[in-house]
Amino acid sequence: MRFRTNANPKKPPGLPAKLGGSLFFGVFLAAGLFFAGLLFLHVKQIAGTYRWDKIPCFILSSEADVDEKADSEKDRYFVRIRYRYEIDGRALESDRVTSSPRSYDTFDKASAVAARFPPDSRAVCHVDPANPGTAILVRDSLGQALFLLLPLVFIAVGGGGIYSMWSRPRTPATGGTVKSTAPPRQVGAWFGWIFVAVGGVLFYFLTLGPITNLIAARSWDEVPCRILSSRVQTHDGDDGDTYSVDILYSYQVNGQIYRSSRYRFLGGSSSGYAGKRDIVERYGPGTTHTCFVDPAHPEKAVLDRSAGWILLLGLIPLVFLGVGLAVVVASRKSAGPPPTRAPIASGPTSLEPKTSRLVRFFGTLGVAIFWNGIVSVFAHNLWSDYTHGRLSVFEALFLSPFLLIGAGLIVFTGIAFLQLFNARVTLELDRPLRLGDATELRWTFRGQTHNLRRLRIELVGLEQASYRQGTSTRTARREFFRQALVQADDSRAFVTGRIEVPVPGDTVSSFDFGSNRIVWELRLRGVVQWWPDVDEAFVVPVLPAAPRADAILPPMTL
Amino acid sequence: MRPADNPFATHRLDQLPYRFPGGERERADFYSVLEASGYFGALVGPRGHGKSTLLREIERHCREQGFPVRRFQLRESEPPPSFPAPTAEEILLLDGAEQFSLRQWWHFRWRMRFARGLVITTHRPGRLPTLHYCRTSSRLLRELIENLSPGSHGTHFLFEKHRGNLREALFECYDLLGTRPARERLLAFSPEAGTRAAN
Amino acid sequence: MTQLEIGLRENRKGYRPGEQLAGAATWKLDRPAEALEIRLVWLTAGKGTPDARIVETHRIDRPAVEAVEPFSFKLPAEPCSFSGQLITLTWAVEIVALPDGENARAEFILSPTGREIVLTPAPHETR
């Protein structure tokens, strides 16, 4: 099966489309501005505490505790620390640990905070110079300012979209030849790095961190523990509640009692109440089990040190990382013409396809995720309205083009994905191709070769002429040479093979003149039944004929 | 036929003069208006209607008058060139001003404010006073083709097909003419030939 | 009126890569020139924007008003003269008066056979 995509010239948007598009992007802009504003105020408040006075203080008491009366939806572990400090000869006491009261979803987190300030120890607290009665032990991290990047993305998308709607249009190309355009490399690289950053952060927290703990926990001590409480914790969600296991247990190490609520290394909540209920019932209050304790840090413990299927979530960040890296790599590839003659090795040469399948797939996937991720929010609301019998026809009509584009992107991504599993081919030339010379070409297929039905390899020579007039560029291409090297229907001949490639002497070698070029390609097509074909093109330099051994040439008589 | 010998090769198209619909009288009037405006204004018209060609003529005219001239070319999908500040004697010619965003345009205007003159090409009027609106016609295309390749006829379909874009129409003539043996050249320009070439 | 002329030895039109191309430039200037340049160039013409490159230059500063100057260039291996459907590549020796820019040119063919390579659009099936 053959799939082609054609770049169709687009009309500039008319006024209704501009208004509609502005409304669409305006939502992003407004949301981004709103959340950016909120976040800014929050960060500003945190930054204010960094100007407070650092005063020595004495820890009177410190412990992590459970709020038994907390609602099932709230984190019920908290820290209770009381400390004393002196201002202008006056002794003051405070139990405020952070700027705003904080509770934790696991006992370990609360314990870790309390462990930083053991009773009868000295510490440093931060006192508001304008109001000495206000003090905190721990300042919130200014790293929260990095979260401003998230609404900035929405602001960029929204503002950029509105700007592009109303900025002067580019008149589309006309005519039968291909319009030469260079991709927005800078914008592509920018989006790529955002995906890499998001993927990297997620990878650390969802994958690297838990796996590191899993490996380390293999050497932890097995210690008897007693279950103090166990329940299934419910978390509200827009698409329905999710559940998590909340088990508090105590254990003793070197005569000291510790408490922990860590069940597995990768926490979080998910749908599926029954499985969590079974776990909670197994670890009923008062029962004794074995927990695993870090011998170097006895306050760290875990009940179940197996991986669990939820660790598969750790694969999701790899998608973001892969998409981001692919976009960055693709955007760094030069959009300009290749050099007149790149350095060519004299020995065997492996050829690279013009376009990488992986780059093609991740590029399409990235665009599809980005587009459908945004559109899905509106589609979900539209579906919700429909199920509740309050569908707006205008809203549905307005959204339908975006949905169609999203569907198309999914289809293209699917095709690109399927092509990933096509057999891969490597081409190797014994030595560079030269006019009037013959060189051995070797090919090797790896992967799914059993469904290849036909193989064709051709050597093609092309004239490329770019014409610039005014502000636009057109490029015309014409083949001046086409030679079938391999035409095989026998699959036994597909997997690997070699053939002599003769290049005629009465033609021209590869050359880049500037606006005009002579390009040679090896084109390979493997017909696959009921699957996208293997379709690759390899640019191959063809050198001029080898210089003759005799330096002195007899004059020509013409 | 060798590409270099093709009557519609680009180096021949680049040498075509701009043709005013009103002939030499309109040309004289235009240059009077240009001088009266202080070499300040815009050549307006859609793509392929001769704005760049007329701008090149204006450049030659200014040089013949003894003015230092600098021409800038904006191209789609390419970053704009650098714009060094002009001298007070220089006349600036900007081809493709529609490529500028509003912010870029005003930055360019501010930066070039001391130049003696500024003539731009643009698709739509508005940025500078319109000096001339570039127009094409089927007759003009016919004359250009006849000029380049005498004896050709039946070109009206090209004008309609390319919606008045003479550049594209002449581009197609390269293919219509160059791919056929000499005896067929006179018959090359017909709707059927255009369809065959397009396919 | 300035007269410029390039003559190739024995009026040869065809050369092979690596050969020595020799000839003489003749000029008669109507006013003194700052310099004359004898240039070995190739040029493209056809459907695309013309390209040109000066491969080698032989410069004569403050030339006499009238003279004959021999020149010799070693021809490179590429590009060879050819003509396809979109591009014609031509080699030439030209003489240019500076700063006026008046010039004259003599074209020649550079190819292994001494004849222009013709690129035909038909597929070249040899198997």
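Tutor: Asp246(A) counts as buried because its relative accessibility is 1%, and the cut-off for that class is under 20%. The model is a predicted one, and every value below is computed from it. The partner of Asp246(A) is Arg231(A): the two form a salt bridge whose closest N and O atoms are 2.7 Å apart. Asp246(A) belongs to strand S9 of chain A, residues 242-253, and Arg231(A) to strand S8, residues 221-235, so the bridge ties together parts that lie 15 residues apart in sequence. Arg231(A) is buried as well, because its relative accessible area is 18%.

The wider point behind such pairs is simple. Side chains of opposite charge can pair when their charged atoms come close. Over all chains, a search of the whole structure finds 45 salt bridges.

A second bridge in chain A has another setting. Arg454(A) pairs with Asp489(A), and here the closest N and O atoms are 3.4 Å apart. This bridge links distant parts of the chain, with Arg454(A) in strand S17 and Asp489(A) in the loop between S18 and S19, 35 residues apart. As for accessibility, Arg454(A) is partly exposed, at a relative accessible area of 46%, while Asp489(A) is exposed, at 58%.

Strand S17 of chain A also holds Glu458(A). Is Glu458(A) buried or exposed? Glu458(A) counts as buried because its relative accessibility is 7%. The side chain of Glu458(A) is joined to that of Arg482(A) by a polar contact of 2.3 Å. Leaving out residues up to four places away in sequence, Glu458(A) touches Arg482(A), Gln483(A), Ala484(A) and Leu485(A), and also Glu521(A), Leu522(A) and Arg523(A).

A network of salt bridges links Glu428(A), Asp430(A), Arg431(A), Asp437(A), Glu440(A), Arg442(A) and Arg498(A).

Between chain A and chain C, 42 residues of chain A are in contact with 35 residues of chain C. The size of an interface is often given as the accessible area lost when the parts come together. For chain A and chain C the buried area is about 3100 Å², and carbon and sulfur atoms give 56% of it. How many salt bridges does the rule find across this interface? The rule finds zero salt bridges between chain A and chain C. Polar contacts do occur: nine residue pairs, both residues at pLDDT 80 or more, are in polar contact across the interface. On the side of chain A that touches chain C, strands S17 (452-469), S18 (472-488), S19 (496-502), S20 (511-512) and S21 (516-528) each supply at least two residues. The largest share of that side comes from S18(A), with ten residues. Sorted by class, the side of chain A that touches chain C has 20 nonpolar, eleven polar and eleven charged residues.

Chain C itself has zero helices and ten strands. Buried residues make up 51% of its 127 residues. Among the contacts in chain C with a separation of 6 or more, 68% are between residues 24 or more positions apart.

Along the sequence its elements follow the pattern α-α-β-α-β-β-α-β-β-α-α-α-α. Chain B has 199 residues, of which 53% count as buried. Of its contacts with a separation of 6 or more, 65% involve residues 24 or more positions apart.

Glu59(B) and Arg63(B) form it, with their closest N and O atoms 2.8 Å apart. Both residues lie in helix H3 (residues 51-64) of chain B, and because they are four residues apart there, about one helical turn separates them. Glu59(B) is buried, with a relative accessible area of 14%, whereas Arg63(B) is partly exposed, with 45%.

Another helix of chain B shows how buried residues can be arranged. In H5 (residues 138-148) of chain B, the residues Leu140(B), Leu141(B), Leu144(B), Ile145(B) and Leu148(B) are buried. Viewed down the axis of H5(B), the buried residues fall within an arc of 130°, so they line one face of the helix.

How values were computed
Residues numbered from 1 in each chain as written. Chains lettered and ligands numbered in written order. Predicted model: local features only at pLDDT ≥ 70, side-chain atom pairs only at ≥ 80, totals over all residues. Heavy atoms only, no water. Buried < 20%, exposed > 50% of the residue type's maximum accessible area, 1.4 Å probe, protein only. Arc of directions from axis to C-beta. Contact = heavy atoms within 4.5 Å. Buried area = accessible area lost by both parts, 1.4 Å probe. Salt bridge = Lys/Arg side-chain N within 4 Å of Asp/Glu carboxyl O. Polar contact = N/O pair within 3.5 Å; in protein donor to acceptor, adjacent residues only side chain to side chain. Nonpolar A, V, L, I, M, F, W, Y, C, P; charged D, E, K, R; others polar.
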